[in-house]
Amino acid sequence: MTEKVVVLGAGYAGAGAIQKLETELQRVDADLTWISDNDYHLVLHEAHRAIRDPGVQDDITIPVGQIASPGTEFVKATVEGVDTAEQVVELDGRTVEYDYLLVALGSQTAYYGIPGMEEHALTLKSLDDALDIHEQVAEAASQASRNDPAQVVIGGAGLSGIQSAGEVARFRDERRAPIDVYLVEALDEIMPGQDSELQGAVRKRLEDADVEIMTDDPITEANEDAIHFDEGDPLEYDVFVWTGGITGRDAMDDCGLDDEHNRVTCESDFRTSDDRVFAIGDSAVVDQGDNPAPPTAQAAWQAAEVAGENVARTIEGRPLETWTYDDKGTLVSIGEKAIAHDVSAGPVTVPIRTFNSYPAKFLKKFVAARWIAGLTSWPRALTAWDSL
Ligand SMILES: Cc1cc2nc3c(=O)[nH]c(=O)nc-3n(C[C@H](O)[C@H](O)[C@H](O)COP(=O)(O)OP(=O)(O)OC[C@H]3O[C@@H](n4cnc5c(N)ncnc54)[C@H](O)[C@@H]3O)c2cc1C
């Protein structure tokens with residue numbers, strides 16, 4: 001019997017899994033279908049670059065036809081739901097049946113019920129989001145003056161917030177635009193939960209880039225032109241971007257799988273509460289004992305390798321592999337600058353824990369280029385080099 005294997009999402013998790021499955025499923029009788037709302041893979045961890053320069057978009061999007069082989073059927077559609085009892089994926093007006101499903105739909109922005117946040121904040125989860133932020137920042141700057149600069153506020157100082165603030169600051173410098181950039185974080189330090197040496201290095205870079213950092217005061221409300229805090233005075237804004245948290249996709253509501261806020265919970269072999277469904281990347285909360293894997297590109301592309309293998313092993317009736325997240329360090333860009341922390345390349349750990357300047361910038365570019373090269377080819381990756 002031909003098994004129907006369906007993969008949802010074309011991010012790091014989905015694209016990586018498709019390539020692994022194309023190899024692994026050669027051993028069994030299976031059809032592979034890949035469903036995503038865009039017909040390209042977005043190198044999302046570089047999406048903030050498009051805030052400064054929309055011209056990078058061709059470099060950071062890879063058409064699915066360059067990733068999947070012709071034998072894989074690609075369906076461009078928005079997943080509206082999954083019915084695990086009927087084993088179907090629900091699209092707009094039709095369904096796709098599966099025998100085995102791999103959920104890799106990523107995450108969406110969490111608003112934590114903060115009044116006015118969803119209505120007034122811009123988000124950064126797609127290329128269109130980044131282009132929208134670019135337009136709004138450019139428009140606000142065009143209406144502003146040195147005496148009355150445009151106020152751009154980024155809420156949330158994790159990887160996306162920090163790097164977005166860096167891009168807005170660089171946009172301001174390149175165009176000599178009258179913009180004040182604010183980075184607002186509820187907790188007492190930026191990059192919450194990270195090593196203090198990394199936090200300090202990132203803070204310094206942001207301050208050098210003239211980003212005003214405000215910590216230790218949660219946003220309690222957003223309205224049309226200002227955000228309000230638990231303690232501090234309200235902050236007026238012209239552009240407000242919220243990157244302060246993630247949650248699972250609405251599409252995974254009521255799908256019958258165990259989940260935490262629509263992020264599907266799964267074992268360390270990516271099996272969910274339904275034997276026929278696997279989940280990876282930001283869409284999943286993977287059991288890793290006391291140290292859950294972070295929702296990062298790095299974790300998603302590692303997971304894709306093992307999950308792809310495990311779907312094939314399930315069909316073959318073989319034991320599954322378990323996955324342990326391997327933290328290979330952190331690479332952060334602040335505009336044209338970069339910071340590297342605890343980076344290891346294969347068995348080699350770079351002896352200096354935290355460093356910046358050209359070596360960090362090179363490493364950051366190299367890691368993103370290596371991902372693109374793995375999906376396509378080194379010549380394709382090198383054409384993107386300047387945009388990474
Ligand atoms: C600005 C920014 C900077 C970041 N920087 C870093 C970094 O430096 N390092 C790092 O490791 N991580 C970084 N991250 C986090 C990283 O990008 C995510 O953890 C990663 O993208 C998760 O991969 P994924 O495949 O699970 O999801 P995604 O990459 O989000 O892919 C999800 C896929 O599903 C598709 N999809 C979503 N909903 C639907 C639907 N309903 N129907 C059909 N298709 C759908 C999407 O179009 C997409 O193709 C950053 C994120 C952002 C936003």
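This is a predicted model: local features need pLDDT of at least 70, side-chain atom pairs count only at pLDDT 80 or more; totals for chains, interfaces and linings use all residues.

Q: How does the radius of gyration of the protein chain agree with that of a compact globule?

A: The chain length sets the expectation: for 388 residues, a compact globule would have a radius of gyration near 21 Å, and the protein chain has 21 Å, so the two agree. Along the principal axes, the C-alpha atoms fill a box of roughly 70 × 45 × 40 Å.

Q: What percentage of the residues in the protein chain is buried, and what percentage of the contacts joins residues at least 24 apart?

A: Of the 388 residues, 45% are buried. Among contacts between residues at least 6 apart in sequence, 64% join residues at least 24 apart.

Q: Where does M191 lie, and is M191 buried or exposed?

A: M191 belongs to the loop between strand 12 (179–184) and helix 6 (196–208). The cut-off for a buried residue is 20 or more other C-beta atoms within 10 Å; M191 is buried because it has 23.

Q: In which loop is N262 found, and how many C-beta neighbours does N262 have inside 10 Å?

A: N262 sits in the loop that joins strand 19 (259–260) and strand 20 (263–266). N262 has 20 C-beta neighbours inside 10 Å and therefore counts as buried.

Terms used. Residues are numbered from 1 along each chain as its sequence is written. Helices (H or I, at least four residues) and strands (E, at least two) are DSSP runs, numbered from the N terminus. A residue is buried if 20 or more other C-beta atoms lie within 10 Å of its own, exposed if 12 or fewer, and partly exposed in between; C-beta atoms are placed from the backbone. The radius of gyration is taken over C-alpha atoms; the globule rule is 2.2 Å times the number of residues to the power 0.38. Two residues are in contact if their C-beta atoms, placed from the backbone, lie within 7 Å.
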